[in-house]
Amino acid sequence: MSDFLSSESSAQGHAPGESVRYTRAKGEPRFPDGPKADPAGSHFERRIRSFQPRRSRVTAGQADALQRLWPKWGLDIDGRPLDLAELFGDDRPVVLEIGFGMGEATAQMAAADPGTNILAVDVHTPGQGNLLALADRNGLANVRVGNGDAIILLREMLTPDSLAGLRVYFPDPWPKKRHHKRRLIQPEFLDLAATRLRPGALVHCATDWEPYAEQMLEVLTAHPEFENTSPDGGFAPRPAFRPLTRFEGQGLDKGHVVNDLLFRRVQHGERGDH
């Protein structure tokens, strides 16, 4: 597991892990061959976002990975129809991961299950660079990194029944009551996700924010297109395929409770006993 805990490689003139700033001319992209700042800018819509881009420092290793590997393994979510077999170069099942942080758990899952392709989507540039570097260093050809709004990806770019699974690990809990509408796991999101998930596809969510966990359980249980895999209709034990991240371990040390939810997409036309 330690192989996946750091991806920093030295770039010319910079030490590993060193944060770097670039002096760019006005209008010059931050990474000319990397992810676009606003890939779906032409798709402006008045919709509450469930995410906030975090503008933090990019290290030399992350910047190098973004420049070298984005043309090969990166995807700007711009609304254009997407052929997953073409993106990955094979027809293996594809799991969509929304919000991967720094990508350490994603890389571990990709290494443990090379027969499954992972399309990992986030808007955090350092994390995008980190996951690309991890994939490169560990030879993970089954990872693609998406940059942008997952809603546009699901709604405009993917075809029906194209996904074998959906993972949402530790999404922003938006703890203030007035912000609950920004939470990702809502009935409307599940309506959309259900159209892109093939029957039997696994939806796996995890959070260390207990009120959000309860909301997730309530919303998923009430949705007719999903059924709980837990026999008692509650939370599930953490499955072996989801790695314990450093962030999660620190939370557990502080007494945080982490809840996993494992639901399956039901057959078309079948309604669960909800």
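Mentor: Let's begin with pairing: two strands pair if DSSP finds at least two bridges between them. Helices (H or I, at least four residues) and strands (E, at least two) are themselves DSSP runs, numbered from the N terminus. This is a predicted model, in which local features need pLDDT of at least 70 and side-chain atom pairs count only at pLDDT 80 or more, while totals for chains, interfaces and linings use all residues. Residues are numbered from 1 along each chain as its sequence is written, and side-chain values use heavy atoms, with hydrogens and water left out.

Trainee: How do you know that strand S8 (residues 197–207) pairs with strand S10?
Mentor: Six bridges join S8 to S10, and pairing asks for at least two, so the two strands qualify. They run antiparallel. One of the bridges sets Leu202 against Arg264 in S10.

Trainee: And what makes S9 a partner of S10?
Mentor: Three bridges, again in the antiparallel sense. Phe226 has Arg265 of S10 as its bridge partner.

Trainee: Which order do the strands take in the sheet?
Mentor: The order is S3-S6-S5-S4-S7-S8-S10-S9, an open sheet of eight strands with mixed pairing. Strand S3 (74–76) and strand S9 (226–228) are its edges, as each pairs on one side only. From one strand to the next, the twist averages 25 degrees. The chain has eight helices and 10 strands.

Trainee: Why is S7 called mostly covered?
Mentor: Six of its seven residues are buried, where buried means under 20% relative accessible area, exposed means over 50%, and partly exposed lies in between (1.4 Å probe, protein chains only). Over the whole chain of 274 residues, 49% count as buried.

Trainee: What makes Glu214 partly exposed?
Mentor: Its relative accessibility is 47%, which falls between the 20% and 50% limits, so Glu214 is partly exposed. The residue belongs to helix H7 (residues 210–222). Its C-alpha lies 9.2 Å from that of Phe235, 21 residues away along the chain.

Trainee: Why is H5 called oblique to H6?
Mentor: H5 and H6 pack at about 50 degrees, with axes 9 Å apart. Angles run from 0 to 180 degrees between N-to-C directions, along lines fitted to C-alpha atoms, for helices over the stretch in contact. Under 35 degrees counts as roughly parallel, over 145 as roughly antiparallel, 65 to 115 as roughly perpendicular and the rest as oblique, so this pair is oblique. Ile151, Leu154 and Arg155 of H5 touch Phe189, Leu192 and Arg196 of H6, contact meaning heavy atoms within 4.5 Å.

Trainee: How do you know that H3 and H4 are roughly parallel?
Mentor: Helix H3 (residues 104–112) packs on H4 at about 25 degrees, with the axes 9 Å apart. That angle is under the 35-degree limit, therefore the two are roughly parallel. Glu104, Thr106 and Ala107 in H3 meet Asn130, Leu131 and Leu134 in H4.

Trainee: Where does H4 lie relative to the strands?
Mentor: H4, residues 125–137, lies across S5 and S6, at about 165 degrees to S6. Five bridges join strand S5 (residues 117–122) to strand S6 (residues 143–147), and those two strands run parallel. Asp122 stands opposite Asn147 in S6.
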